[in-house]
Each structure stands twice: as structure tokens, then as C-alpha cells.
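Have a look at the chain below, and keep the viewer open while you read. This report walks through its rings, charges, strands and loops.

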Amino acid sequence: TQSTGTEKKLNRRHSMNIEKKHGAPDFLTTGQAKKGKRRSHRPLSAKEKQKSSLSVTSANDDSLEESSFGGSAIEGGASTLPAKKRKRMLAVVGALKNAVDRQIHSTTTTVRGKLYVNVIKGQLTETTGVDTTKRKPICVMYFQSQTTSTDTSQGSNPKWTYECLFLAKNDLDSFKIEVFDGIEDSEHFIGKARISLKELYDTNYIKRWFELKGKRSPAGKILISFRFESEKDNTSDDQAYEGKDVIGSLNLTIASGRGFYRKENTASDCFAVVKFEGIQKKTDVVWESADPKWDQEFRFDIHNKDSVIRVMVYHKDEGKFERNEFMGEIRIPLSELPDNSKTDWYK
């Protein structure tokens with residue numbers, strides 16, 4: 001339909017208001033705009049588009065050029081803007097680059113395993129002038145850009161028994177834990193410990209007291225257990241033995257256990273898991289017993305005389321999240337077993 005003169009005038013004024021507020025992204029204003037006069041526009045030239053446009057490469061592309069998010073292209077386009085708009089533009093570009101970097105990192109990073117941590121209890125040093133009975137210690141843990149914290153406890157001998165899980169995205173390095181008095185800031189800082197986890201490559205399990213370092217002096221110690229399950233252990237790699245000759249058979253009986261107490265000397269609901277050459281089998285659960293008797297036999301084919309038998313015992317958790325509690329593990333090299341039958345206790 002044909003617009004009247006009044007409508008054309010209103011449309012023109014509305015267009016000028018929009019351009020004044022947001023700018024015209026596809027056209028460059030020529031000359032100096034004066035109030036009440038119509039702006040004249042011309043399309044951007046190829047050279048001008050190269051200077052003022054922002055190039056964003058898709059996260060699905062194989063490569064990302066640095067100039068897409070910074071460098072001369074951004075500086076050239078942003079330099080013509082007012083200071084506030086230029087600062088806002090560079091902030092948006094920086095946030096966009098970080099988001100894409102995080103996306104690329106999350107899609108390319110492989111998980112090497114799972115680190116199970118149990119912060120059990122602590123013994124904090126008495127401090128002069130501080131009523132230690134009113135302390136509310138809380139622990140904050142840091143591991144490979146992951147952070148979590150325990151609940152608060154009470155006094156100088158706190159008990160947390162806080163279990164958590166971290167994903168090991170890189171090689172096992174140091175684990176950091178800090179203890180605060182109720183509030184996580186420098187004023188309420190009690191002590192910290194930095195723990196090397198390389199020992200877990202050999203043992204898979206650590207449980208010991210670790211010293212806490214305060215601002216100027218030792219701040220006490222803390223009891224923590226670590227258990228590491230590598231991704232290789234969690235995957236069934238029986239394909240690695242396909243086509244290989246069977247050199248023998250292993251008949252293994254999980255007979256019984258003793259001393260499987262939980263916290264506060266309560267009995268446990270135990271079951272055992274056996275892993276051998278990529279095959280995993282488990283026993284039934286023996287309920288409410290610290291000395292379970294399973295008497296279950298398992299048979300495995302042997303492909304490698306240097307293989308290792310792994311037996312792990314867990315307490316069955318029937319809670320909402322079904323996080324079975326790790327009780328202990330033994331490793332028995334096949335080469336240490338006699339050719340005939342043998343029954344023995346292992347710690």
C-alpha cells in the first residue's frame with residue numbers, strides 16, 4: 001500500500017532513532033549527521049568491511065584463527081567507536097573466545113580415571129586467644145580445576161566423613177585442601193595441605209594423616225583416603241586377548257572376610273568384585289556382617305602368565321545415589337600362586 005506523507009515522516013524518524021541508538025551494522029554513515037536532516041548511506045566497501053566487521057569461526061571447524069577474536073581486525077573496527085562501546089565490544093569478544101575455548105577443551109579432553117576422596121577427620125592445633133570449642137571447621141578441595149567443600153563440623157577434632165568424586169582429566173598431580181573456620185576467606189583460614197598423588201599409580205589406594213600448614217606455623221593434621229580407578233581398569237579389555245592362546249585356567253574361590261567394620265564400629269553389607277584380564281565378576285551381598293562368608297567360585301581363562309588378580313570389597317549402598325563404599329583391595333600376581341590349590345588370608 002502507498003504510505004501518506006505523515007506516515008513516511010514518522011517511519012523516517014523511527015529509522016533515525018534506531019540507527020542513533022544501535023548503529024547501522026551493514027552501512028557506513030557518510031558526512032556529519034545533523035538533527036532533523038536525513039542521513040545518507042552507502043554500502044561498505046570490501047576494505048571497510050574487513051576493518052570493521054567481527055569474524056567468528058564456528059566451534060565445529062577444525063581450526064580457529066586468532067585474528068577471528070582479536071588482533072588488527074578488532075582493534076581497527078573498535079578504534080572508531082566511543083570508549084564505552086569499544087570497551088564493551090572487546091569484553092564481549094573476550095567472553096566469546098573463552099566460551100569457544102572451553103567448548104573445544106571439553107570435547108577434546110579425555111578422562112583418564114576417577115579419583116574418590118574421603119575426608120574423614122582432623123586434629124587442629126590449639127590457638128591462643130581462640131575458643132576452639134566454637135570452631136566450625138570446613139574443608140575446601142581443589143583438583144584439576146574442580147572444587148568442592150565439606151559440611152561444617154565442630155571443635156578442634158572435627159569429623160567430616162565426606163566422600164566426593166573428581167574426574168582425572170590429566171595425569172595425577174597434586175591435590176590441594178584448605179581448612180577454614182566456618183567462612184572461606186583469609187581471615188578465617190586455619191591451614192592447608194598439598195598432596196602428591198603419584199603414589200596412586202602403584203597402590204590405587206592411600207589412607208593416612210597429612211600435615212596442615214598454617215600462616216606461620218603447623219595447624220594440625222587431617223586424615224584423608226584416596227582411591228583411583230583408571231579408565232583402563234573400568235573398561236572391559238577382553239578384546240585384547242581375542243585370538244590369543246589360552247595357556248591355562250584359574251579357579252578362584254572368594255571364601256570369607258573378617259574385620260569389615262564401618263564408622264562407629266557398625267557391621268557392613270559387603271560384596272567382593274574380582275577383576276582378571278579384563279573380565280569382572282562379583283559375589284552376592286552378605287548383609288549386616290563384619291565377617292562375611294561368600295564361598296563363591298569363579299573360573300577364568302589365563303592368557304598371560306604375568307597377569308594380576310584384583311579383589312575389591314565394597315559396602316553396598318542402597319541410598320538414593322547408590323554410591324557403594326570402598327572397603328579395601330588386594331592384588332595377587334598370578335606368578336606367586338602355586339600350581340596346586342592354595343587357601344590363604346590376604347590383607
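What follows is a short tour, from the whole chain down to single residues.

## Ground rules

This is a predicted model, in which local features need pLDDT of at least 70 and side-chain atom pairs count only at pLDDT 80 or more, while totals for chains, interfaces and linings use all residues. Residues are numbered from 1 along each chain as its sequence is written, and side-chain values use heavy atoms, leaving out hydrogens and water.

## The chain as a whole

The chain holds six helices and 16 strands; both are DSSP runs numbered from the N terminus, with helices (H or I) of at least four residues and strands (E) of at least two. Of its 347 residues, 31% count as buried. Here buried means under 20% relative accessible area, exposed means over 50%, and partly exposed is in between, with a 1.4 Å probe and protein chains only.

## Aromatic pairs

How many aromatic pairs does the structure hold? There are 10 aromatic pairs. Rings of Phe, Tyr and Trp (its six-membered ring) pair if their centres lie within 6.5 Å; planes under 30 degrees apart count as stacked, over 60 as edge-to-face and the rest as tilted. Phe 143 and Phe 166 make an edge-to-face pair, because their ring centres are 5.9 Å apart and their planes stand at 70°. Phe 143 belongs to strand E4 (residues 137–143) and Phe 166 to strand E6 (residues 159–168), so this pair ties together parts 23 residues apart in sequence. Phe 143 is buried at 1% relative accessible area, and Phe 166 is buried too, at 2%.

A tilted pair is formed by Tyr 205 and Phe 326, with 5.1 Å from centre to centre and 50° between the planes. This pair links distant parts of the chain, 121 residues apart: Tyr 205 is in strand E9 (residues 205–213) and Phe 326 in strand E16 (residues 325–333). Tyr 205 is partly exposed, with 30% relative accessible area, whereas Phe 326 is buried at 13%. Elsewhere, ring pairs join Phe 143, Phe 166, Phe 175, Phe 210 and Phe 226 into a cluster.

## Charges over rings, and cysteines

Two charged side chains are worth a click. A charge sits over a ring if NZ of Lys or CZ of Arg is within 6 Å of the ring centre and within 35 degrees of the ring normal. The charged end of Arg 258 sits over the Trp 345 ring, 3.7 Å from its centre. Lys 282 lies over the face of Phe 271, 5.7 Å from the ring centre.

How many disulfides does a search of the whole structure find? The search finds zero, a disulfide being a pair of cysteine sulfur atoms within 2.5 Å. Cys 164 is buried at 9% relative accessibility, and Cys 270 is buried at 0%.

## Strand E3 and its partners

Two strands pair if DSSP finds at least two bridges between them. Strand E3 (residues 113–124) runs antiparallel to E6, with eight bridges joining them. E3 also runs antiparallel to strand E10 (residues 218–230), and here 11 bridges join the two. Gly 113 shows both pairings: this residue stands opposite Ala 168 in E6 and opposite Ser 230 in E10. In a regular strand the side chains alternate between the two faces of the sheet.

Gln 144 lies in the loop between E4 and strand E5 (146–149), and its phi is near 50°, a positive value in a residue other than glycine. Ser 145 is in the loop between E4 and E5 and has a positive phi of about 65°, although it is not a glycine. Are these residues buried or exposed? Gln 144 is buried at 15% relative accessibility, while Ser 145 is exposed at 76%.

Glu 325 is found in strand E16 and is buried, with a relative accessible area of 18%. Not counting residues up to four places away in sequence, Glu 325 touches Glu 163, Arg 262, Val 313, Tyr 314 and His 315.

Technical notes: Contact = heavy atoms within 4.5 Å.
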